[in-house]
Amino acid sequence: MVKNKAQHFAQWCFLSLIFAIFTTAKALNYGDALAKSLLYFESQRSGRLPYNQRVTWRDHSGLTDGLEQGVDLVGGYYDAGDHVKFGLPMAFTVTMLSWSVIEYRQQIADAGELEHAMEAIKWGTDYFIKAHTSPNVLWAEVGDGDTDHYCWQRPEDMTTSRQAYKIDQNNPGSDLAGETAAAMAAAALVFKKTNPHYAHLLLHHAQQVNTNLIHFLFEFGDKYRGKYDEEGRMGVVKSYYASVSGFKDELLWAALWLYKATDNEEYLRYVINEAENFGGIGWAITEFSWDVKYAGIQVMASKLLNEEKPKKHSTTLEKYRSKAEYYICSCLNKNIDTKNVERTPAGLLYIRQWNNMQYVSTASFLLTMYSDFLKSSNQMLSCHRGIVGHQEILSFAKSQVDYILGSNPSNMSYLVGYGPNYPQRVHHRGASVVSYRENKAFIGCTQGYDNWYGRVEPNPNVLVGGLVGGPDSQDNFVDQRDNYMQTEACTYNTAPLVGVFAKFSELEVQKELDHIQDLGLVASY
């Protein structure tokens with residue numbers, strides 16, 4: 001009898017241990033984070049909102065965009081907490097959303113979010129199709145940051161300038177056109193099977209944009225080369241989204257995506273032939289962002305080594321891979337001392353003071369994807385400080401995602417709306433003012449500053465799924481509306497996390513199934 005009691009007690013202890021592990025594993029719900037991240041893009045929509053709009057505190061806005069210029073520029077996304085439609089970060093957002101679906105389509109579908117992800121992509125690409133009004137014209141921006149920042153009002157009440165700006169033969173913008181071509185090519189891959197007509201339309205525009213870019217660069221000569229933000233072209237954007245890296249990375253980026261989408265070797269040869277001249281195999285970079293594409297290019301090029309057709313270019317592709325692994329090793333703190341990405345005391349990657357989380361989310365994406373690449377090809381990563389396996393890379397990516405979701409000294413989720421504790425005073429005009437659907441009384445330009453901006457109360461509307469700028473180098477975070485370096489969310493912050501959340505959601509579901517199976521075995525015992 002005593003023996004039986006002892007056996008039952010041992011079983012109970014074991015079951016309790018398994019249950020504790022099981023419930024701990026559920027503490028972070030990556031599937032919920034995925035669903036919320038896709039809701040965020042509905043908060044950022046400009047234009048006439050669709051019947052299935054889920055973010056109900058928003059309403060139609062920017063319905064006359066492009067009217068002064070005689071073009072239809074209604075739609076697209078506001079980049080952050082303001083109401084300017086900046087072309088470069090918007091295009092990068094769509095590229096990263098598309099890349100997330102390309103790499104993790106099944107995982108997103110299993111989580112029940114594939115339709116929402118594709119809607120988020122199409123909201124952007126529908127706008128790019130409108131903005132590409134002729135082969136040599138791409139409308140680059142609607143509104144300007146200076147007048148926009150003078151006002152604090154809901155998008156539905158906008159009284160600020162809606163001046164539209166374009167790039168063309170006389171005002172080239174190779175960086176912007178390259179990123180837009182990349183976005184449309186990546187999106188074409190997303191829609192290839194489910195909406196082939198739309199995919200074809202996107203490729204038509206992407207190749208037109210890219211062909212004319214190459215036309216600018218090589219046939220028109222140096223006088224047609226240029227960054228979109230140079231004075232006399234679109235200097236109005238320089239204080240907000242200056243193209244510091246120039247346009248060569250975007251051309252390589254566009255060519256890679258066009259190769260993936262079309263299987264046309266002309267684009268692959270472009271990536272190979274311009275590898276050195278355009279910095280693809282020269283720049284060793286420790287960040288990946290809407291401006292600096294080299295790390296993303298290098299990781300994409302590395303993956304081509306696993307394909308048959310590009311193997312004849314293996315010498316150059318191996319050089320791309322060397323630079324990709326420099327980036328991965330720098331994130332893992334495995335390069336020599338001065339060549340690593342800094343970290344906060346709690347382990348968050350730290351690039352710079354303003355909106356640091358954008359670099360954390362892109363790093364998490366590239367690390368997760370490179371881990372999958374190494375696993376599928378049965379390879380290891382060689383860093384200055386030793387050999388690294390795919391699981392170590394994935395574990396580090398998970399540590400960054402977990403920090404974002406609340407595993408940090410402040411127990412704060414920096415993904416708004418996720419978990420019990422998240423930023424309440426996000427620097428966002430629409431979220432910080434009473435919803436237009438609740439109170440349609442007009443709120444003027446400076447009236448929002450007078451009555452809403454300085455309030456200490458939480459925002460009346462929750463910007464669900466927005467990833468804010470995050471803590472400083474010491475893990476400190478101040479939840480104040482005027483602390484825009486830390487409390488403003490941007491579309492390109494959240495976009496890379498869509499694929500990452502889907503990946504970790506799949507792993508978590510599998511882990512829970514394994515635990516349930518273990519519990520079944522114990523119970524049967």
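**Exercise 1. Is Lys-293 buried or exposed, and what is its relative accessible area?**

Step 1. Lys-293 has a relative accessible area of 0%.
Step 2. Compare that value with the cut-offs: buried means under 20% relative accessible area, exposed means over 50%, and partly exposed lies in between (1.4 Å probe, protein chains only).
Step 3. Lys-293 is therefore buried.

Before we go on, a word about the model. It is a predicted model, in which local features need pLDDT of at least 70 and side-chain atom pairs count only at pLDDT 80 or more, while totals for chains, interfaces and linings use all residues. Residues are numbered from 1 along each chain as its sequence is written, and side-chain values use heavy atoms, with hydrogens and water left out.

**Exercise 2. Which side chain meets that of Lys-293 in a salt bridge?**

Step 1. Start with the idea: side chains of opposite charge can pair when their charged atoms come close.
Step 2. Now the rule: a salt bridge is a side-chain nitrogen of Lys or Arg within 4 Å of a carboxyl oxygen of Asp or Glu.
Step 3. The partner of Lys-293 is Glu-179, at 2.8 Å from N to O.
Step 4. This pair links distant parts of the chain: Lys-293 is in the loop between α10 (265–273) and α11 (294–303), and Glu-179, 114 residues apart from it, is in helix α6. Helices here are DSSP runs of H or I with at least four residues, strands are runs of E with at least two, and both are numbered from the N terminus.

**Exercise 3. Where do Glu-287 and Arg-352 lie in the chain?**

Step 1. The side chains of Glu-287 and Arg-352 form a salt bridge of 3.1 Å, N to O.
Step 2. Glu-287 is in the loop between α10 and α11, whereas Arg-352 is in the loop between β5 (349–350) and α13, 65 residues apart.
Step 3. With a relative accessible area of 15%, Glu-287 is buried.
Step 4. Arg-352, at 35%, counts as partly exposed.

**Exercise 4. How many salt bridges does the rule give?**

Step 1. The count comes to 23 salt bridges.
Step 2. Some charged side chains join into a network: Glu-42, Arg-45 and Arg-54 are linked in this way.

**Exercise 5. What is the strand order of the open sheet of three strands?**

Step 1. Recall that strands of a sheet pair through backbone hydrogen bonds, either parallel or antiparallel. In this analysis, two strands pair if DSSP finds at least two bridges between them.
Step 2. The order is β1-β2-β3, with antiparallel pairing.
Step 3. β1 (85–86) and β3 (164–167) are the edge strands, each pairing on one side only.
Step 4. Look at one pairing: β1 joins β2 (residues 138–142) over two bridges, and Phe-86 stands opposite Glu-141 in β2.
Step 5. Helix α6 (residues 174–191) lies across β2 and β3, running at about 100° to β2. The axes behind this angle are lines fitted to C-alpha atoms, for helices over the stretch in contact, and angles run from 0 to 180 degrees between N-to-C directions.

**Exercise 6. Which residues does Pro-496 touch, not counting residues up to four places away in sequence?**

Step 1. Find Pro-496 in helix α18 (residues 491–524).
Step 2. Its relative accessible area is 0%, so Pro-496 is buried.
Step 3. Contact means heavy atoms within 4.5 Å. Pro-496 touches Met-96, Ser-100, Ser-361, Thr-362 and Phe-365.
Step 4. For a distance along the chain, take Phe-92: it is 404 residues apart from Pro-496, yet their C-alpha atoms are separated by 9.9 Å.
Step 5. Helix α18 also holds Leu-513, which is partly exposed because its relative accessibility is 46%.

**Exercise 7. What share of the residues of the protein chain counts as buried?**

Step 1. The protein chain has 525 residues, and 58% of them count as buried.
Step 2. Its secondary structure comes to 18 helices and seven strands.
Step 3. Among contacts between residues at least 6 apart in sequence, 73% join residues at least 24 apart.
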